[in-house]
Amino acid sequence: MTVEIRRLNPGDDTLVMRVADEVFDEPVRLDRLASYLAQSGHFMIVALAGDVVVGQCAAVIHRHPDKPTELYIDEVGVSPAFQRRGIARKMLDAMFALGREHGCEEAWVGTEPDNLPARALYEARKEPHDEAKSFVMYAYGL
């Protein structure tokens, strides 16, 4: 089956009515998705197999007064039934292109130390001239 990589824009939230298992961490609420897509600097790329979302990549632009503009890759998810087909890589390629179009000079992403598939995806993106940076992230409930 052919998979289409597509950017969601405001008003496209109804495209996410049918979602394959384990693409998102929780069920998608259309009101939250519509609000997300309406925000400037919020991007979502999806992978569609027919009319079913089988992958998603969400990112936010971070603008700083003292550093270059960067793209934070917040989420990448592909249904297990569609993994190992290059879908996540294609979504990241599309997201990085969006970041460049919006003036981002770098992108960053974090994952859990034991998430080996995600780490393999991110580490495979390194090219010999790229300088990948490691960091420690702390998450707090508010």
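**View 1. Helix H2 (residues 87–101) has 15 residues.** The structure is a predicted model, in which local features need pLDDT of at least 70, side-chain atom pairs count only at pLDDT 80 or more, and totals for chains, interfaces and linings use all residues. Residues are numbered from 1 along each chain as its sequence is written, and side-chain values use heavy atoms, with hydrogens and water left out. From its first C-alpha to its last, H2 reaches 21 Å, close to the 21 Å expected at 1.5 Å a residue (1.5 Å times one less than the number of residues). Helices (H or I, at least four residues) and strands (E, at least two) are DSSP runs, numbered from the N terminus. Just after H2, Gly-103 adopts a positive phi of about 85°.

**View 2. The buried residues of H2 are Ile-87, Ala-88, Met-91, Leu-92, Met-95, Leu-98 and Gly-99.** These residues cover an arc of only 130° around the axis, which puts them on the same side of H2; the arc is taken from the directions from the helix axis to the C-beta atoms. On the other side of H2, Arg-100 and Glu-101 are exposed. Buried means under 20% relative accessible area, exposed over 50%, and partly exposed in between (1.4 Å probe, protein chains only).

**View 3. The buried residues of H2 pack against strands E1 (4–8), E2 (42–49), E3 (52–62) and E4, and against helix H3 (116–124).** Contact means heavy atoms within 4.5 Å.

**View 4. The structure holds one aromatic pair.** The ring centres of Tyr-72 and Trp-108 lie 4.4 Å apart with the planes at 35°, so the pair is tilted. Rings of Phe, Tyr and Trp (its six-membered ring) pair if their centres lie within 6.5 Å; planes under 30 degrees apart count as stacked, over 60 as edge-to-face and the rest as tilted. The pair links distant parts of the chain, with Tyr-72 in strand E4 (residues 70–78) and Trp-108 in strand E5 (residues 106–109), 36 residues apart. Tyr-72 counts as buried at 17% relative accessibility, whereas Trp-108, at 28%, counts as partly exposed.
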